[in-house]
Amino acid sequence: VRTRVLPRRRGARGVAPPRREAAAAAAFSSRPPRLPRPRRRRRRIHRSSRSRRFKTSSPKTSSPIMSAPNNTADHTKVQSFDAVVVDPEAAKPVVAQRVQATYKDIFFSFVLMGWTAFGGPAAHLGIFQKTFVETKNWMSITVFNELLSLGQCLPGPTSTQVSFAIGVTQKGIAGGLMSGMLFQYPGLLMMSLAGAGAAEILVDPADWLRGISAGLSAAGVALVVSAAVGLANGQCKDHITSRLCLMSAVVAYYYQSNWIFPLLIVIGGSVTSYTKRNDDLALKDKDETIHHLGLNKTAGACLVLAWIAILATVTVLTNTTDYADAKELHWFEAFFRTGSIIFGGGQVVLPLLLKDVVQYESVCTGADGFLIANQTLTTVCATYTQVPRADSWITEEQFFAGLGVVQAMPGPLFNLAAYIGAVAARRAGVNILSGIAVSWFGLFGPGIMLIYGVLPFWGAFRKQPIYRRALPGLNSSAVGLVVAAVFQMAFKVREISPFKDASVVIGIVAFFAVHFVKVPPNLAMFQAPATILAGGVAGVVAWAAGCT
C-alpha cells in the first residue's frame, strides 16, 4: 500500500519565492553543495495490522477482487485490499495426452468387461465412458458422445455399436471386431445355454416354475422402466424434446407398424433441426486426431448396399417359401428385419420380437368366459380371444422368462435372440446351434454392418451443423419408443401372470430397488442381476403363498 505525498508548495515553474531569493543565493555561494537527502522509508505495517487499521466500509464483503483507484479522489485516502497472485503457467488447462491403444490393450480391456457389463445399455455406456475416456484416455468425451449419438441414429443395439466403434477408432477393422466380440460373447454363451437347457422345461412348465417365470418377468420389466426414466431425464431437457418424446410414445403405442419407428425418428430430427437453427452448436475438440475409421468410403457404401440387398432378398424368399420347408430362413428374416428397423436399443426391440416369434390365433370365448375349442355352427361366441398357436415358434411365457433371464446376464439385451433361437429350435426339432446362429447373427448383423459402413462418412459429417441440430430430436423420439415399449410389456406381463396383482407388486418393489436404492460404486454392477434374482424368489413365494 502506497501513499502519495504532496510536494511542498513552490512558486511558478519551481522557482523559489522572491523574498527568499537573496538568502538562497548567499547560502548557495558560501557553502559547498549538499548531497541529496536520502529517501525516507515509511514504516512497514504487517498485513494483519494493515487490514485491521484500514478496514473497509462493508465488513461482510471478503472478495479478493481488486478495483482500480479513483484518480479524482483525495490522494491522501488509503484503501486496502488483498492482492491475488495468479501464476500464468498454472492457469493454463492441462490437456492429457491421448493414448492410441494396441491390440493387447483392446484384448485385456474387453475380455473381462463382457463378464461384468450388467445393468443394460445405460450401464454399459457408463462403463465405456469411465474406462476409455476418464481412465485410459483413448478418446475425448466429445468423440465418445459423437459415437454414442451415431449409434442412436442407426438401427441396432447402441451399446454393441459403440463397443465396435471404440475398437475401430483405435486399430481399424480388426480392432473393432476384437472389442465387439469380446464384449458380446459372455452374454451370448450364457443365453444360449439357458435357452438350450430350459427349452424342454418351459414347454409345459410346472406351477412353481411359472411362479419363477412371473417373478423374473415382472422384475425385468421394472428394469426397463428404470432405463426409460433415466433416458427421458437425460434426453428430454426442454419443452420441445419432451413433446417429441410424448408424441413418439403415444403414436408408437397406439399404432404398431414396422415403418412407424423410423418415421418418428425422422420427424423428431426434422423438428429440432428447425427449432435449433439459430443455436450455436460448435463442435468441441474438433482438432482431435481420430486414428482409424475402419473402411474407406467406397467400401463403407458397398457394405450399406449389401445390407439393403440382404434385407430385400430374404424378404422375397420368405414370401415365396413355406415355413415348414425353411424354418431357419424364416427365423433369419424375422430377426434381420427387426434388427434393420429398430432404433433406440434393446428396449424397443422387445415388443416387435414378441409379435414375430409368437404366432396367435382367434379363439371363441363363451358368455361364461371360457374358451371354446371345438366351435360349431350353433356355437354362440361372446368375444374372440387371441391365444398362441400350437405351432408358434415359442410361447409368451417362454419369451418373458427369457426377458427376465437376459437382464440378469451381462451384455446387451439383443442376446435374447440366442435364447429365442435355442428354444424355437428345440420346439421345431431343428439343430440348436443353427437356430442360435441364424437368430443371433440376424438380429446383430444389421447394426454391425451399418456401424462399419457409416463410420467412414462420420468423420466428415460429424461437423455439419444440420446433423448436430437434429441429434436432440432423434434421441428424444427414440426415448418415446422406449416409453411405449414399457407400457406394452407391463400390461402383457400382468396378463399372462398366474398371480396378476402379486406380479404388479413385485414389479413396483423391483423398480424401487433398482432406481432409488443407492449402492456403493464397486457394487453397482451387481444391482440389476440381484434385483432380477430377487424377483424370481418373490415369484416362488407368491406361488407358495397361494396368491393365484
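At what angle do the axes of helix α15 and helix α16 cross? I looked this up in a predicted model, where local features need pLDDT of at least 70, side-chain atom pairs count only at pLDDT 80 or more, and totals for chains, interfaces and linings use all residues. Residues are numbered from 1 along each chain as its sequence is written, and side-chain values use heavy atoms, without hydrogens and water.

Entry, α15 and α16. I find a crossing at roughly 145° for α15 (residues 396–407) and α16 (residues 416–428), with the axes coming within 10 Å. Axes are lines fitted to C-alpha atoms over the stretch in contact, and angles run from 0 to 180 degrees between N-to-C directions. Helices are DSSP runs (H or I, at least four residues), numbered from the N terminus. For contact (heavy atoms within 4.5 Å), I note that Gln398, Phe399, Ala401, Gly402, Leu403 and Val406 of α15 meet Leu416, Tyr419, Ile420, Val423 and Arg427 of α16.

Entry, Serine 192. I place Serine 192 in helix α8 (residues 158–203). Serine 192 is buried, at 11% relative accessible area; buried means under 20% (1.4 Å probe, protein chains only). Leaving out residues up to four places away in sequence, I see Serine 192 touch Ala418, Ala422 and Ile436.

Entry, α18. Helix α18 (residues 465–496) has 32 residues and reaches 48 Å from first C-alpha to last, close to the expected 46 Å; the expected span is 1.5 Å times one less than the number of residues. I count 23 of the 32 residues of α18 as buried, so α18 is largely enclosed by the rest of the structure.

Definitions and conventions. Helices (H or I, at least four residues) and strands (E, at least two) are DSSP runs, numbered from the N terminus. Buried means under 20% relative accessible area, exposed over 50%, partly exposed in between (1.4 Å probe, protein chains only).
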